[in-house]
Amino acid sequence: VAAAEGEGRAAALTRYLVTGAGGQLGAELVRLLADRAADHIPLRHADLDITDAPRVADALRDLRPDVVINAAAYTAVDAAETDEPRALAVNAGGPAALAAACAAGGARLLHLSTDYVFAGTALQPYPEAASPAPNSAYGRTKAAGERAVLGSPARAWVVRTGWLYGASGGNFVKTMACLERTQATVSVVDDQHGSPTWAADLAAGLVELIEKDPPPGIYHATGGGATTWCGLARAVFEELGADPERVRPVGTAEAPRPAPRPAYSVLAADRWRAAGLAPLRAWRDALAAAFARDGTALRAG
Ligand SMILES: NC(=O)c1ccc[n+]([C@@H]2O[C@H](COP(=O)([O-])OP(=O)(O)OC[C@H]3O[C@@H](n4cnc5c(N)ncnc54)[C@H](OP(=O)(O)O)[C@@H]3O)[C@@H](O)[C@H]2O)c1
């Protein structure tokens, strides 16, 4: 009991700093930490540009967080193909600056990465130790960010997630809600497999990870199960009370995009489970919960 009380006290005293606080995940982290009355400092892009290393160092020295959650990123997957230097600055230079400042101040760092670091040629879920082999500029810059964080002396976790959506910002779920209103039928790729992840569930899992303080390194955390973009679109239509058959499956070749996507990017969360962390709920249940809580924002597109 004494140990549990001690842990509780330590958790209550933890000071969190969240970068990218205005993004999908950042907004959910801030909401959760505020709900828990945790000591937290939300920094949006306008408050702190993580590519400005001197400012990052100053901010961490002044604000003295115990843990930094880096939810800031360049996430425009297609735009990164023609803007890779900028994506690299944000997705690798930013985490490197944060890691250096965390190491200097003794803060822990939780950095987010992506299923798109993998080539997508696997036939079963990628374990944490699988070698990244990104096939897009975005994936290359995120893989570089992982290396920067894991190679630094900071005590750091890299949590890879995938197919993230939430009430803040643009995402696939909102796009489908918008198309449901405006188009009779929608064609969506049915040969790319992944795990949709509600940002609110991921935020809760990340805070649990920080509280449990497992060994540093790579962890995977996505919604449970897997589907295709077409499967997710049909589930969105179901949530909207629309006919899911209005979503037509097409192949990737019929819907070309500037950035190549992995055909299969399901992540195995063995290390997450081994650390005693609760698996995120099944993606379909999470989608229903997201519409129940945030239906107005998600429907608004
Ligand atoms: N979205 C997905 O499907 C997905 C999938 C797998 C992994 N992830 C990873 O999960 C994490 C969170 O993603 P998300 O979907 O929440 O991203 P998001 O909604 O795009 O939010 C990213 C935030 O970072 C901010 N930002 C961009 N450049 C910055 C800079 N130089 N300094 C400080 N802030 C900056 C953005 O602000 P502005 O908008 O003002 O630029 C935005 O508020 C990221 O690491 C991402 O790579 C995302």
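Contact here means heavy atoms within 4.5 Å. The model is a predicted one, so local features need pLDDT of at least 70 and side-chain atom pairs count only at pLDDT 80 or more, while totals for chains, interfaces and linings use all residues. Residues are numbered from 1 along each chain as its sequence is written, and side-chain values use heavy atoms, with hydrogens and water left out.

On the α6 side, V173, K174, A177 and R181 touch L287, F291, A297, L298, R299 and A300 of α10. By class, that makes seven nonpolar, no polar and three charged residues (Ala, Val, Leu, Ile, Met, Phe, Trp, Tyr, Cys and Pro count as nonpolar, Asp, Glu, Lys and Arg as charged, and the others, Gly among them, as polar). Helix α6 spans residues 172-182 and helix α10 residues 283-300, and the two pack at about 60° with axes 10 Å apart. Axes are lines fitted to C-alpha atoms over the stretch in contact, and angles run from 0 to 180 degrees between N-to-C directions. The two helices are therefore oblique to each other.

Helix α4 (residues 84-105) and helix α5 (residues 137-150) have axes that come within 8 Å and cross at roughly 15°. That makes α4 roughly parallel to α5 (under 35 degrees; over 145 is roughly antiparallel, 65 to 115 roughly perpendicular and the rest oblique). Residues of α4 including E84, L88 and P95 meet α5 residues including Y138, R140 and V149. The contact of α4 with α5 divides into eleven nonpolar, three polar and three charged residues.

Note on methods:
Helix = DSSP H or I, 4+ residues; strand = E, 2+ residues; numbered from the N terminus.
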